[in-house]
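Please open the model in your viewer and keep the sequence beside it, so that each selection can be followed from one stop to the next.

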Amino acid sequence: MPFYPGPGLGGHCIPVDPYYLSWKAREFDFAARFIELAGEINTAMPYHVVDSISSSLNGQKKSLNGSRLLILGVAYKKDVDDLRESPALKIMQLLQQRGAQIDYNDPLLPANAQNAPLQF
């Protein structure tokens, strides 16, 4: 199965469940460093994405502050309508904190999510 890195992990289990395994391993004096390192990297990905967006805009002599950005697809993975732990929510929050104006579109979101602003 091909692996395509993305802007972070989302969903109801993968971003959370490995930490349980790591916690349980510590009960037996076993360090699950790989799980913890992967968690750190995955948690940092939205920040990396925002830095990349900012750098790309700077390369065009544009500022992130005041830019209008459209986020396409906010569910946690392709072809799902699930926002749980979606990295897009953190990315949009960080972009707004840096002064960007954010709009989004995801045709798979439930109708009520499309009509109401997302909380990020």
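**Stop one: the core**

Begin by selecting Leu64, Ile71, Val74, Met92, Leu95 and Ile102, which touch the most other members among the 17 residues of the largest nonpolar core; such a core is a set of buried Ala, Val, Leu, Ile, Met, Phe, Trp, Tyr and Cys residues joined through side-chain atoms within 4.5 Å. This is a predicted model, in which local features need pLDDT of at least 70 and side-chain atom pairs count only at pLDDT 80 or more, while totals for chains, interfaces and linings use all residues. Residues are numbered from 1 along each chain as its sequence is written, and side-chain values use heavy atoms, with hydrogens and water left out.

Two or more residues of the core come from each of α2, β1 (68-72), α3 and β2 (101-105), where helices (H or I, at least four residues) and strands (E, at least two) are DSSP runs numbered from the N terminus. The largest share, 6 residues, belongs to α3.

**Stop two: two helices**

Next, select Pro46, Tyr47, Val49, Val50 and Ile53 in α2, which meet Pro87, Lys90, Ile91, Leu94 and Leu95 in α3; contact here means heavy atoms within 4.5 Å. The residues of this contact divide into 9 nonpolar, no polar and 1 charged, with Ala, Val, Leu, Ile, Met, Phe, Trp, Tyr, Cys and Pro counting as nonpolar, Asp, Glu, Lys and Arg as charged, and the others, Gly among them, as polar.

**Stop three: a loop residue**

Finally, select Ser86, in the loop between β1 and α3. Is Ser86 buried or exposed? Ser86 counts as buried because its relative accessibility is 5%, and buried means under 20% relative accessible area, exposed over 50% and partly exposed in between (1.4 Å probe, protein chains only). Leaving aside residues up to four places away in sequence, Ser86 touches Gly10, Val74, Ala75 and Tyr76.
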